[in-house]
Amino acid sequence: MADHALDPELQALPPSLRTLAARGIARSYRKGVVLIEEGSLGDNLYLVLSGSLRAYSSDARGREITYGVYGPGEYVGEMSLDGGPRSASVMTEVPSRLVMVTRASLLTHISVHPEFAFELLTKVIRRARAATLSTKQLALNDVYGRLRSLVDEATQDGRHLEMTHQGIAQRLGCSREMVSKLVKDLEQGGYLKRIAASQYQRLKTLPARW
């Protein structure tokens with residue numbers, strides 16, 4: 001077991017994850033490092049201490065769709081613990097510090113702390129539900145409808161939308177040019193206000209249709 005006793009980032013984790021992380025290896029990664037490639041085999045789980053990770057898929061033409069962005073206290077890689085191929089790629093969004101935990105270490109952790117199996121199962125179910133919702137939105141909503149849902153989610157409780165046009169396009173499964181046009185129209189209509197680079201404030205509720 002690695003010695004993380006003096007690691008302040010690890011100490012900030014919830015107790016269940018702190019104990020799990022103590023079984024792994026902590027490393028720092030620069031921005032843009034691909035940790036997991038879709039379709040590859042592997043059984044490592046990555047726990048985020050600082051920074052953020054993006055789970056995504058891409059096609060032969062380089063178009064991408066983002067499934068989720070995960071920050072401190074989150075972990076990725078749990079979907080391949082059954083021995084199957086990776087269901088998505090994972091990349092560091094910013095310089096990040098992560099703990100890599102092997103499948104063997106995770107199984108040892110569960111044998112000592114069986115309650116963690118329920119926590120892991122809950123995480124898998126929540127992400128499966130989120131994936132189902134995303135697929136439904138892609139199938140039933142047009143691009144503006146998906147953008148409206150993203151803005152509503154990102155600006156809850158007075159928060160701002162902090163994402164580049166390319167990042168939004170990856171989340172919505174459309175082109176960056178289409179996102180730029182829609183965002184510009186919403187700015188001109190008084191619905192969004194750019195307050196910093198890649199940061200927008202929602203001034204009023206976006207209309208149901210555009």
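Q: Is Asp-142 buried, partly exposed or exposed?
A: In this predicted model, Asp-142 sits in the loop between α4 (115–140) and α5. Its relative accessible area is 37%. Buried would need a value under 20% and exposed one over 50%, so Asp-142 counts as partly exposed.

Q: What separation do the C-alpha atoms of Asp-142 and Gly-51 have?
A: Let's stay with Asp-142, in the loop between α4 and α5. Along the chain, Asp-142 and Gly-51 are 91 residues apart.

Q: Which residue in β7 stands opposite Tyr-56?
A: Strand β7 also pairs with β4, again in the antiparallel sense, over 4 bridges. Most of β4 is covered, with 5 of its 6 residues buried. The residue of β7 opposite Tyr-56 is Ser-89.

Q: Which residue in β5 is the bridge partner of Ser-58?
A: Strands β4 and β5 run antiparallel and are joined by 6 bridges. They form a hairpin with 5 residues between them, and Gly-62 in the turn has a positive phi of about 85 degrees. The bridge partner of Ser-58 is Glu-64.

Q: Are α6 and α7 roughly parallel or roughly perpendicular to each other?
A: Two packed helices are described by the angle between their axes and the distance between the axes. The axes of α6 (residues 165–172) and α7 (residues 176–188) come within 8 Å and cross at roughly 110 degrees. Angles of 65 to 115 degrees count as roughly perpendicular, and therefore α6 and α7 are roughly perpendicular.

Q: How many nonpolar residues does the contact of α6 with α7 have?
A: Helix α6 passes α7 in a right-handed crossing. From α6 the contact takes His-165, Gln-166, Ile-168, Ala-169 and Leu-172, and from α7 it takes Arg-176, Val-179, Ser-180 and Val-183. By class there are 3 polar residues and 1 charged residue, and the number of nonpolar residues is 5.

Q: How many nonpolar residues are in the contact of α5 with α7?
A: Helices α5 and α7 pack at an angle of about 65 degrees, with their axes 11 Å apart, and their crossing is right-handed. Val-143, Tyr-144 and Leu-147 in α5 meet Met-178, Leu-182 and Leu-186 in α7. None of these residues is polar or charged, and the nonpolar count is 6.

Q: Which residue in β8 stands opposite Val-48?
A: Another open sheet has 4 strands in the order β1-β8-β3-β6, with antiparallel pairing. Its edge strands are β1 (25–29) and β6 (75–76), each pairing on one side only. Strands β3 (residues 45–50) and β8 (residues 96–101) pair over 5 bridges, and opposite Val-48 stands Leu-98.

Q: Is Asp-157 buried or exposed?
A: Most residues other than glycine have a negative phi. Asp-157 has a positive phi, near 60 degrees, and lies in the loop between α5 (143–154) and β9 (161–162). With a relative accessible area of 78%, Asp-157 is exposed.

Q: What is the relative accessibility of Ser-198?
A: Ser-198 is not a glycine, yet its phi is positive at about 60 degrees. Its place is the loop between β10 (192–196) and β11 (199–202). Ser-198 counts as partly exposed, and its relative accessibility is 27%.

Key:
Residues are numbered from 1 along each chain as its sequence is written. This is a predicted model: local features need pLDDT of at least 70, side-chain atom pairs count only at pLDDT 80 or more; totals for chains, interfaces and linings use all residues. Side-chain values use heavy atoms; hydrogens and water are left out. Axes are lines fitted to C-alpha atoms, for helices over the stretch in contact, and angles run from 0 to 180 degrees between N-to-C directions. Helices (H or I, at least four residues) and strands (E, at least two) are DSSP runs, numbered from the N terminus. Angles under 35 degrees count as roughly parallel, over 145 as roughly antiparallel, 65 to 115 as roughly perpendicular and the rest as oblique. A crossing is left-handed if the near helix is turned anticlockwise from the far one by less than a right angle, and right-handed if clockwise. Contact means heavy atoms within 4.5 Å. Ala, Val, Leu, Ile, Met, Phe, Trp, Tyr, Cys and Pro count as nonpolar, Asp, Glu, Lys and Arg as charged, and the others, Gly among them, as polar. Buried means under 20% relative accessible area, exposed over 50%, partly exposed in between (1.4 Å probe, protein chains only). Two strands pair if DSSP finds at least two bridges between them.
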